[in-house]
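Visitor: Could you walk me through this structure, one question at a time?
Guide: Gladly, and here it is to look at together.

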Amino acid sequence: MQVNEKKISGVLVVEPLGARIDAATATDFKQKMNEWINTGNRRIVLNLAKVDFMDSSGLGAVISALKKIGNKGKIVICCIKETVMSLFHLTRMDRVFDIFSSEEEALKAFGEKV
Amino acid sequence: MIRMVIESRLENVSLIGGAVRGIAENLSIDSMGSYHLELCVVEAVTNVIKHAYHLEAGHSVELEILIQTDRLTFKVNDSGDSMDISKISSLQFDPSNVKTLPERGMGTFILKSLMDEVGYEIVKGRNVLTMSKSIKTRAPSA
């Protein structure tokens, strides 16, 4: 899947450009996240502004990234659509991830001036 | 009744999902309700491809949608390995402990949480998952 990536003061901002993170795209997404973590990225903002649909496979890929980064770093999420947020709420993953309404707020969580 | 059949490829699941969302929106179900219906059908169909057919292409996954004035019923059927959906009723993990977080196996929990009724049976050699949800639809025009 196409993903936009940019670095802002050492924080990697990842923005999936496809509207769906589902079983068909989750494996590719997970691989990309693994590559970024393996190459030393420890502070990651996952911007889901363009994601209209996520299922349990997509959520599992995001969780996998969180587990991979473990205590070595942090992944936060921003710009989740209300519908996709309901999946996080249903599965209680909204208690696991720090979720912000904007990329700016998410970057502030890492102490970055925007 | 609407009937759709796809080949057991994960890339086909979004076609089913889009159709379900379109039907829901056409029935004037709100965006959250439409998303939840699409999510449940997508989870069910994905489960068939992954677990009944073990990601093997070339098999058929059938979806039937029965539209009633106050209820939508979805039947997903396949000819693959049967599944046991009876055990999954909650997600057990500690939000403060990353190691306990589930990465898979959440699909059936989602179905059971969002749908009013979920049942699974084997009928004439085919596995049939039936899900239903009460809805409020637009009143028929005069």
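This is a predicted model: local features need pLDDT of at least 70, side-chain atom pairs count only at pLDDT 80 or more; totals for chains, interfaces and linings use all residues.

Visitor: At about what angle does helix 1 of chain B run to strand 1 of chain B?
Guide: Helix 1 of chain B covers residues 13-26. This helix lies across strand 1 and strand 2 of chain B. Its angle to strand 1 of chain B is about 160°.

Visitor: In what order do the strands of the open sheet in chain B stand?
Guide: The sheet has 5 strands, and the pairing is antiparallel. Neighbouring strands are turned by 15° against each other on average, direction ignored. The order is 1-2-3-5-4.

Visitor: Which strands of chain B stand at the edges of that sheet?
Guide: An edge strand has a single partner strand, so one side of it is left without a neighbour in the sheet. In chain B that holds for two strands, strand 1 and strand 4 (117-123).

Visitor: Which residue is the bridge partner of B:Met4 in strand 2 of chain B?
Guide: Strand 1 (residues 2-7) and strand 2 (residues 60-68) of chain B pair in the antiparallel sense over 6 bridges. In strand 2 of chain B, the partner of B:Met4 is B:Leu63.

Visitor: How many residues lie between strand 2 and strand 3 of chain B?
Guide: Strand 2 of chain B pairs with strand 3 (residues 71-78) of chain B over 7 bridges, again in the antiparallel sense. One opposite pair here is B:Glu64 with B:Lys75 of strand 3. The two strands form a hairpin, and the number of residues between them is 2.

Visitor: Which residue of strand 5 of chain B does B:Leu72 stand opposite?
Guide: Strand 3 of chain B also pairs with strand 5 (residues 126-134) of chain B, antiparallel and over 8 bridges. The residue of strand 5 opposite B:Leu72 is B:Lys133.

Visitor: How far apart are the axes of helix 2 and helix 3 of chain B?
Guide: Two packed helices are described by the angle between their axes and the distance between the axes. For helix 2 (residues 31-52) and helix 3 (residues 107-114) of chain B, the angle is about 145°. The crossing of these two helices is left-handed. Their axes are 9 Å apart.

Visitor: How many nonpolar residues take part in the contact of helix 2 with helix 3 of chain B?
Guide: From helix 2 of chain B come residues including B:His36, B:Leu39, B:Cys40 and B:Glu43, while helix 3 of chain B contributes, among them, B:Ile110, B:Leu111 and B:Leu114. The residues of this contact include 5 polar and 1 charged, and the nonpolar ones number 6.

Visitor: Which element of chain A gives the largest share of the side that touches chain B?
Guide: The contact takes 23 residues from chain A and 23 residues from chain B. On the side of chain A, the elements giving two or more residues are helix 1 (23-38), helix 2 (56-69) and helix 3 (82-90). That side divides into 9 nonpolar, 8 polar and 6 charged residues. The largest share, 8 residues, comes from helix 2 of chain A.

Visitor: Is A:Arg92 buried, partly exposed or exposed?
Guide: A:Arg92 is in the loop between helix 3 and strand 7 of chain A, and its phi is near 65°, a positive value in a residue other than glycine. A residue is buried with 20 or more other C-beta atoms within 10 Å and exposed with 12 or fewer. A:Arg92 has 13 such neighbours, so it counts as partly exposed.

Note on methods: Residues are numbered from 1 along each chain as its sequence is written. Chains are lettered from A and ligands numbered from 1 in the order in which they are written. Axes are lines fitted to C-alpha atoms, for helices over the stretch in contact, and angles run from 0 to 180 degrees between N-to-C directions. Helices (H or I, at least four residues) and strands (E, at least two) are DSSP runs, numbered from the N terminus. A crossing is left-handed if the near helix is turned anticlockwise from the far one by less than a right angle, and right-handed if clockwise. Two residues are in contact if their C-beta atoms, placed from the backbone, lie within 7 Å. Ala, Val, Leu, Ile, Met, Phe, Trp, Tyr, Cys and Pro count as nonpolar, Asp, Glu, Lys and Arg as charged, and the others, Gly among them, as polar. Two strands pair if DSSP finds at least two bridges between them.
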